Amino acid sequence: MGLSNEIMIGSLIFVPFIVALILSFVGNNTVRKVIVYFSAVCIMFLSAAFAISFLINGKTISFMPETEIIDKIMLGGEFFLMGIIIWLSIKYKKLYAAALSIVQTVGLAWLELSGKTEHFKLDHIYCDRLTIVMVLMIGIIGSFICIYAIGYMTDYTHHHTDVKDRRKFFFGMLFVFLGAMFGLVFSSNLIWIYFFWEITSVSSFLLIGYTKTEEAIYNSFRALWMNLLGGVAFAGAIVFAVIKLDVINLSDLIICDNKMLLFPLMLLAVAGLTKSAQLPFSKWLMGAMVAPTPTSALLHSATMVKAGVYLLIRLAPAMQGNSVGYTVALIGGFTFFFSSVRAIVHSDGKKILAYSTVSNLGLITACAGVGAESTVWAAIFLMMFHAISKSLLFQSVGAIENTIGSRDIEDMHGIIRRYPFLAAIVIIGIFGMYLAPFGMLISKWAALKAFIDAGNIILVLFLAFGSATTMFYWTKWLLKIFAWSDKTETRKNQTSIEQCVSLVGHVVLMITLVILYALVSQKFVEPMISEFYGHPVGAVISYTDMIIMSCYVGVIVLIPLLAILATRHVKVTKTNAYMSGINRDKGRKFVDSFGKERDLYLSNWYMLDIMGSRRFLNISTVIAVAGLIIGIAFSIGGAF
Amino acid sequence: MKGGLISIITIAAYIICAPVIAGFLSGLDRIITARMQGRRGPSILQPFYDIKKLFNKETLEVNKTQFVYVVCFFISIIITGGFLFGGFDLLLVFFTLTTSALFLVFAAVSTNSPVATMGAHRELAQMLSYEPMVILVAVGFYMVTGSFEGRDIIQADMPAIVKLPGVFIGFVSILTIKFRKSPFDLSASHHAHQELVMGITTDMSGKMCGIIELTHWYENIMLYGVIALFFVYNSWVSIPITIAGILVVFFIEILIDNACARVKWQAMVKAAWIVTIITAGINILILQCVK
């Protein structure tokens, strides 16, 4: 059994890299399609099989104490990444990125080459239930995104003739990303985690710059420097942990009983905050939308940002009740509220999704920062549901964009009548983000309860107000979709079969997970948290409530059905909507004050005057930076 | 088992009695309002006559889906009230309330009428204003009684309002929005004094309008149910106190309605949020500190 685990973990990490290598040489579209399909399905099955075998065994896996050769290869890899960054920053004259990269790589190389890490003979690979959650998320959602990308990129190259077709590179990068994520979650050694962490930073940088337009390059470098800043913090944390605390494994670090722990903990938390795009680092994720949709879906849902919250959740037990924890929790809560306010003013669908990602990650971060058993429980569920819903939403917006030629929610006016399939998918995705009975809402509910139990009233207030603003921007979008429209548009739905496979797959996943909520909590998440804290932990919300929510899924389908049945035979008279008698052409036009007919156009409401001001944005950044600096100062003060 | 049976009885009582009680309250409202304005006012049964008339009138609809959403709204509000009176989790009640409120705005936008669409957006602004307070009500009850569940909250040793005066005041203030009363009757006005015609309900007529009215009755009783939670505790004495409390709130709402002119949405959001922070926020902070 032990051997097969090693083989499985090894292949989960290596297969994506090998596939990436193959794909970067395949130019033929059909061959690429077959390879991507095949390997995505393989990865999906492999992760599922691994998860099942783990669950049957139920034991934490850890192995591989001797890794001298691999360490050397990784060191070479780090220098290779540094080389890429230096080359590109010279090419585009952004030398600060090169400087950041050199600092961290040289620092770590010194640490390794000076032999300070040689005496550690600890397991490098570690796998517990949290790893399994991540593996399933990366393996299933990530693979779905790759499948979706096949169809999407064909359309994309078709529509964007001005962009050079670099699909070889693109698909290669997608799989590199998956491999790096697997490596990250399986590693226990901080240097290993750091190595994969850097791969995700660099590959996201390369993916964001896919189109090579000026905007794309600008945004990709912003993503790079912010993530490299996190990388510097990460490297600093490793150096400090090794030299001062004599610790190299993440799992040993968090149980380390030393007041100097606060400092590396804060640095790692900063790394987590940059990667999960919390304020003041949230801008890079906004810029990331210039990339083709599969990239956004990947960055926002299953990978990249989830690496950040994954790290924070791992650190959670150590953050409970200290200055680092308070800082992280408050930044998270603050980000949750302010990003949801920012989302109100936008009409670009992907932008709204991006703000919502940042906002929801803020909630997860806040949960991790509080670090209590119950908040971590909520954080795990929030993470799972967010990954599925957000991936689904990005993909459906991408599909809509390919079909109607715009991702602006104003242009989605009445798509429920024009493209019922796409509209239904978006609606399910949005419902999944904030409405009863779907996962995000139940988890938010749990988070609320957990915050009260933990006695953090500020977070309760952030959550109460943030929920209202969240409700507002999602509902606004729904209003557009549910609006009435002509079926005049004749453009065909261009969603490819690959896209549909992925979309429907996500919907099935989401609904299954809601129905199985109580089961997942009991059999999986509760043991996970108990393992984290070393004592039995129960569910945050009662099983009765979870089961009510599961049944509710049926009710939410039943209500419209009942309503349709009830209204079917009622005698009604058709009429036009009320418009003071100035409507023409069945309400498509109206007569203006000069007696001329004009097209009727109904726009959404964005509250630009209040929430859209630059000042508002600047204030939130300043507050977040100040909070972060105070937090770091406290952690230094506490540590020395 | 016994708890389950009681829940079923109270839910059934809610479904049957709510429209009757709400109808009488509505009639009373109209009489008191009329007296405040120096008029005589209609008979107390007038709301029932009105609703009967609505159901007998011709129903006009702009498109098929509109009626479906209206019925969805009706069903889900009843479910919400059922959760409350069945003694379930308060957060469950409030989240269901949000979901049901959405059906009303869907019904409005599905007509593509500019008036109704603007009404729908204003309805959203109203929800934006009152949501935080509603969540904090649940938070307050949880901090005082250790449970979100209605059936546990009413078993407390003393009325929750003793420890939650701020939360209570905050909730009563946002009730003005939920009851669609001045100064916050932005999305659908019962009085013919706003530029939005009937706002969100403009394109609803006949049976549809009747159902909307009926739904509001159910919703109002549900909201009074939440008010009742502030007063009820494990003693028979609490019942007359509760009824008195509800009547006082009822009267205050009418007074506010008649004394205030309608404000703009910006003022509403600001006012509601500031009141929420000052009343409920401080109340909860104090509770946390003395714990």
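A:Phe590 stands opposite A:Arg598 in β6(A). This is a predicted model: local features need pLDDT of at least 70, side-chain atom pairs count only at pLDDT 80 or more, and totals for chains, interfaces and linings use all residues. Residues are numbered from 1 along each chain as its sequence is written, chains are lettered from A in the order in which they are written, and side-chain values use heavy atoms, without hydrogens and water.

Reader: In which order do the 3 strands of the open sheet in chain A run?

Author: Strands (E, at least two residues) and helices (H or I, at least four) are DSSP runs, numbered from the N terminus. Two strands pair if DSSP finds at least two bridges between them. β5 (residues 589-591) and β6 of chain A are joined by 3 bridges. The pairing in the sheet is antiparallel, and the order is β4-β5-β6.

Reader: Which are the edge strands?

Author: An edge strand here pairs on one side only. In chain A these are β4 (583-584) and β6 (597-599).

Reader: What is the area buried between chain A and chain B?

Author: Buried area is the accessible area (1.4 Å probe) that two parts lose on being put together, summed over both. Carbon and sulfur atoms give 79% of it. In chain A, A:Phe465, A:Leu479 and A:Trp605 lose the most, together 11% of what that side buries. The buried area is about 5600 Å².

Reader: Which element gives the most residues to the side of chain A that touches chain B?

Author: Contact means heavy atoms within 4.5 Å. It takes 63 residues from chain A and 65 residues from chain B. Elements of chain A that each supply at least two residues include α18 (420-434), α19 (439-454) and α20 (457-482). The most, 15 residues, come from α20(A).

Reader: How many residue pairs are in polar contact across the interface?

Author: A polar contact is a pair of N or O atoms within 3.5 Å; within protein, one must be able to donate a hydrogen and the other to accept it, and residues adjacent in sequence count only if both atoms are side-chain atoms. With both residues at pLDDT 80 or more, the pairs in polar contact number 5.

Reader: Which residue of β1(B) is the bridge partner of A:Lys574?

Author: β3(A) and β1 (residues 60-61) of chain B run parallel, joined by 2 bridges. The partner of A:Lys574 is B:Glu61.

Reader: Which peptide bond is cis?

Author: Most peptide bonds are trans. A:Pro280 lies in the loop between α10 (262-275) and α11 (283-287) of chain A. With omega near 5°, the cis bond runs from A:Leu279 to A:Pro280.
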